[in-house]
Every structure is written in C-alpha cells, then in structure tokens.
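Have the viewer open as you read.

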Protein chains: 2
Amino acid sequence: MDETPGLRERKKAATRLALHEAALRLAIDQGVDGVTVEAIADAANVSRRTFSNYFSGKEEAIFHGDTMRLRRMLELIREQPTDEQPWTVLTRAALRLTEETDLGNVEWLIRRRQLRGHPSLASHQVAAYAVVERELAAELAGRLRGDDVGLRARVLAAVFLTTMRVAVQDSTEHPDRPLLDVVSAALAAAAPA
Amino acid sequence: MDETPGLRERKKAATRLALHEAALRLAIDQGVDGVTVEAIADAANVSRRTFSNYFSGKEEAIFHGDTMRLRRMLELIREQPTDEQPWTVLTRAALRLTEETDLGNVEWLIRRRQLRGHPSLASHQVAAYAVVERELAAELAGRLRGDDVGLRARVLAAVFLTTMRVAVQDSTEHPDRPLLDVVSAALAAAAPA
DNA sequence: GGCAAACTTGCCTGCTGGGCAAGTTTTGTA
DNA sequence: TACAAAACTTGCCCAGCAGGCAAGTTTGCC
C-alpha cells in the first residue's frame, strides 16, 4: 500500500478538507445565503478561483462530508460477500457506517442540526446522494439474478440511498433519538418484499 | 366549482406554461447550457425580470411539467379510500397517472429523451421530486397505524417518489419498452415487505 | 367610474462559474 | 543533482444570474 500518495495529493486533500470545513463553519454561523464563495476561500487561505477548482459551488463544499461518507459506504458494500441478499448487504453496510460515524464524530450530527431549516440545502443534499446512485447500482447489478437486473439494481440503489437520506434528515429533527435507531427503523420500513 | 378562476389567474397560468414550453424547446435544440434565461423570456414574449417572478432558474422552468404531473399524482392519491394498503394506493395512482400521460401526450416522452445525457439536469430532476415529498409524507401519515408513523410515512413517500423517478429515467434510456411496463416493474421491485 | 391590489418591467448591484495565461510547485528522469 | 514536463494556483476577465426597488400597467371589486 502507498502510505503517502505523494506530496501533491496530500496537499490537495488538505485544501479540499480546509475548504469543506470553512464552508461548513461559515454556513452555520452566517447562514447559507449569508456566506460567499470568496469568504470561504479566504477562510481556507486560498483564492476564490482555486475554490472553483475544487467545488462547483458552496453547497457542494458543504456536502463534501456526506460525499465522503457515502463513498466509504460503497467500500463497505463492495467488501461484502456477493452471495448474500442484496438488502441484507446494504443494511449491514449502513449500520456499520452509522456506528463508525457516530463513535468518532458526534460533531457531525451537531453541525447538521445547526444547518437544518435551510430549505435550499435539502435539494442539494438530495443531489449529493444521487451522485453515487449510479455507482451503487452498478455494484448491485452484479449481485442480482433474474429478469430486469438493470432496472431492479437502479431501483434498489435509489431506494436504499433515499432511505438513508430520510433517516439522516429525520434524525436531525429528533436529536434525542439515537441515529442508529432511526437508521434501522427506516431501513426496516423500506425493506423490499 | 369556479369554472374560470378569473382573468388574472388564467393569464398567469398561460405565462407560466409559455415560459415552460419555451424553456423546454430551447433547451432541446440549443442544449441546456446554450440557452439563457433571457432567450427563454424573449421566446415567451415577456421580460427577463418576469421570468424570475415565475421560476427561480431555467431548470425549474424545464421541470415544471414534472412538477405538474407530480401534483396531479398527489390528487389521484388523495381521492383514494383511506382504508387500503398505502403501497396499493400509491401503485394504483402511479399506474393511472402513467396511463393518462401516455395517452394524451406521447410528446412528453419524446422531449424527455432529447434532454437525456445532460447530467446537470439529473440533479435538478431529483430536486423537483423532492419538493412534493413532504406533502406526500403528510398524506401518508394519515393512512398509517402503529409506531414511528412519521418516519415510516417519510420513508414510504421518499421510496415511492424515487422509484418513479428511476422508472422515468430508465424509460428514457430504453425507448422501445412501454413506460407503463417500466413503471410497474420498478414499483414491484420496490414494494416494501 | 374609480380605487386598491396584483402584476410587469427596467434598472441596478453583487455574486457566480469558468476560460485563459502567467507564475509556482511537485514529480519523474537522466 | 539538474532540469524538463506536468500539475496546481492565482489574477484577470466576462457573461449570466437572482433578486431589491420603484414606476408604470392591468385586473378585480365596489
């Protein structure tokens, strides 16, 4: 394994992370609309133009955390046996991811909660989830048998991701209930016949 | 019933429709990025500023058709008996809507197909579907019994809408297969246990 | 007819994405 | 170690865009 993927790559990752965190922090305490791309770039000690090299807009920067989490979930799914029921595989990956997140980073949920209510963000979150949908569908297609594999894989991927999204959204509105609880209840409600 | 909701309202509806159709037409033959809001407004004989009074962006104008279809589906759902299985109700409404659409307006699918491939549109389509999600969840909540009604209603609404979206998207990529077929296969694949 | 509310329009401002080219840093190779 | 190529950053630039405001116009209602 390449422990260090080269200086260049490490710097890029650091810049991306700095921009993401600056975006999140500024959005939280100035409101999503109150913050400009320029302010985010400044806070990350980078030019406005460089921001554009990393993200196509402030919302994408804000949701970069979600994107990373979803990619991690894809990994968790891929490394599971291919001879199991797809929904079982998905559920297990989701719960495992939730545990990982919950333990190391309670801050994540807190930040989320401070952003809730900004309605324009909701649609960008939906879009963020949609990005991995194709990739997940491709993975699932290899695990299905029978007719309509393509369509069924896409449906399964979409249903799963949208359920995760709803669970996270619902959880931000009920801070008292453990996230793991909400996720498993949501997945149970969506489980296909 | 108010047959004519007043001249003012009729004019507004006409303007909105004109803008929508102009947006769709121009987007189809100049590409989504190649068309400006100004061009759309011109084509609808209205000022650029007025466009902004109706839609918040060209994508919203393009997807106004979807929005209307989804609102129609909400109607179809609401007018069904409340003592039936929710998924049965949803499925029936979806199929009924598909029949309505398919018969009267084959043009709709044709236009869609000409827009496919523009990736930026996909996320806006997702967002368009998300708009009615809350409303549908509220309707479904009244039809559920047991624990976690709120969460389960949101999950059900999200799963159903995302399934419809996937069916439509998939259908644009397989023009040979009847839409009704795709929709019912997709709904069958997503049916909760 | 005539008034009030709603709608349209033009004007304006600050923000945005992204093309381009010059300057800087990292990488690979010799 | 030297140096050329590739990758990245930055400033400059431009056209497009959302939306506030105020003046003008149309519609609804008495």
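How many Å separate a phosphate oxygen of DNA strand C from an N or O atom in the side chain of B:Lys12? In this predicted model, the separation is 3.0 Å.

| Protein residue | Atom of DNA strand C | Distance |
|---|---|---|
| B:Lys12, side chain | phosphate oxygen | 3.0 Å |
| A:Val37, backbone | phosphate oxygen | 3.1 Å |
| A:Arg48, side chain | base oxygen | 2.9 Å |

The elements that supply two or more residues to the surface near DNA strand C are α1 (7-30) and α3 (48-54) of chain A, along with α1 (7-30) and α3 (48-54) of chain B. Of these, α3(B) gives the most, with 5 residues.

Now for the protein partners. Chain B has 29 residues in contact with 29 residues of chain A. The two chains bury about 2300 Å² between them, with 61% of that on carbon and sulfur atoms. There are 10 salt bridges across this interface; one of them joins the side chains of B:Arg134 and A:Glu173, at 3.3 Å from N to O. On the chain B side, α8 (119-141), α9 (149-173) and α10 (179-190) each give two or more residues, and α9(B) gives the most, with 13. By class, that side has 16 nonpolar, 4 polar and 9 charged residues.

How values were computed: Residues numbered from 1 in each chain as written. Chains lettered and ligands numbered in written order. Predicted model: local features only at pLDDT ≥ 70, side-chain atom pairs only at ≥ 80, totals over all residues. Heavy atoms only, no water. Polar contact = N/O pair within 3.5 Å; in protein donor to acceptor, adjacent residues only side chain to side chain. Helix = DSSP H or I, 4+ residues; strand = E, 2+ residues; numbered from the N terminus. Contact = heavy atoms within 4.5 Å. Buried area = accessible area lost by both parts, 1.4 Å probe. Salt bridge = Lys/Arg side-chain N within 4 Å of Asp/Glu carboxyl O. Nonpolar A, V, L, I, M, F, W, Y, C, P; charged D, E, K, R; others polar.
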